[in-house]
Amino acid sequence: LAGHTEGITHIDARGDGRYICSNSKDQTLRIWDLRMMYSSSDHRRREQEEERSIIRTRMNFDYRWMEYPMRGYDIRHPLDCSVKTFRGHSTLQTLIRAYFSPAQSTGHRYLYTGGYDGYVRIFDILSGQVVECLSYHNGLVRDVAWHPTDHVLNSLGWDGRVVTWEHNSDGDSCHQDSEEEEEEEEEEEEE
């Protein structure tokens, strides 16, 4: 996937045989059209032609314990063939996942991901903007799952919490974490 300047942390398929998204240690989330990919031989030829430019795009930082050295800069890979690039989340310390939203409830309109900063971000594919930035975790959010037919997400953080997010009729997102749920169940049992 020529376009990322650092390693890829996760890939998700849209399920239509055309599009995939990838999350990367270069702090970007990208959408790719598989019909626009280079063949291996064409990629090698292009890579040799652009070798010096490609070498300049690599930071060689270790995302497990270093801050990304080029935060705020728009470094473009000279062979970038991605369709769209999203920025605003942070991929540090671990392999953070990113996904397309479900077809049935959203028509695959969004991308969503966790982040090093403890937020769950939902990006609108058409505008490229963050439409929701959900905050509850006290640390890194490694994975998020969107219910296939409902407006409900679950996020898993390094703080040990599994948080359920619901989009209510007022357009707001509310949450309930696994600890709160256990406490409510215990209170109901006592009654």
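Guide: Two strands pair if DSSP finds at least two bridges between them; strands are DSSP runs of E with at least two residues, numbered from the N terminus. The model is predicted, so local features need pLDDT of at least 70 and side-chain atom pairs count only at pLDDT 80 or more, while totals for chains, interfaces and linings use all residues. Residues are numbered from 1 along each chain as its sequence is written, and side-chain values use heavy atoms, with hydrogens and water left out.

Visitor: How do you know that strand 9 and strand 10 are paired?

Guide: Pairing requires at least two bridges, and 5 bridges join strand 9 (residues 141–146) to strand 10 (residues 152–157), which run antiparallel. Among the bridge partners are Val 144 and, in strand 10, Ser 155. A hairpin of 5 residues leads from strand 9 to strand 10.

Visitor: What makes strand 10 and strand 11 a pair?

Guide: The same rule applies: 5 bridges join strand 10 to strand 11 (residues 162–167), again antiparallel. Leu 156 has Val 162 in strand 11 as its bridge partner. In this hairpin, with 4 residues between the strands, Gly 160 takes a positive phi near 90 degrees.

Visitor: Why is Asp 150 called partly exposed?

Guide: Buried means under 20% relative accessible area and exposed over 50%, with partly exposed in between (1.4 Å probe, protein chains only). Asp 150 has a relative accessible area of 40%, and is therefore partly exposed. Asp 150 is found in the loop between strand 9 and strand 10.

Visitor: Why are strand 5 and strand 8 said to stand at the edges?

Guide: An open sheet of 4 strands has the order 5-6-7-8, with antiparallel pairing. Strand 5 (98–100) and strand 8 (130–135) each have a single partner strand, so one side of each is left without a neighbour in the sheet.

Visitor: What makes Tyr 112 and Trp 146 an edge-to-face pair?

Guide: Rings of Phe, Tyr and Trp (its six-membered ring) pair if their centres lie within 6.5 Å; planes under 30 degrees apart count as stacked, over 60 as edge-to-face and the rest as tilted. By this rule the count comes to 4 aromatic pairs. For Tyr 112 and Trp 146, the centres are 5.3 Å apart and the planes 65 degrees, hence an edge-to-face pair. Tyr 112 lies in strand 6 (residues 110–113) and Trp 146 in strand 9, so the pair ties together parts that are 34 residues apart in sequence. Both Tyr 112 and Trp 146 are buried.
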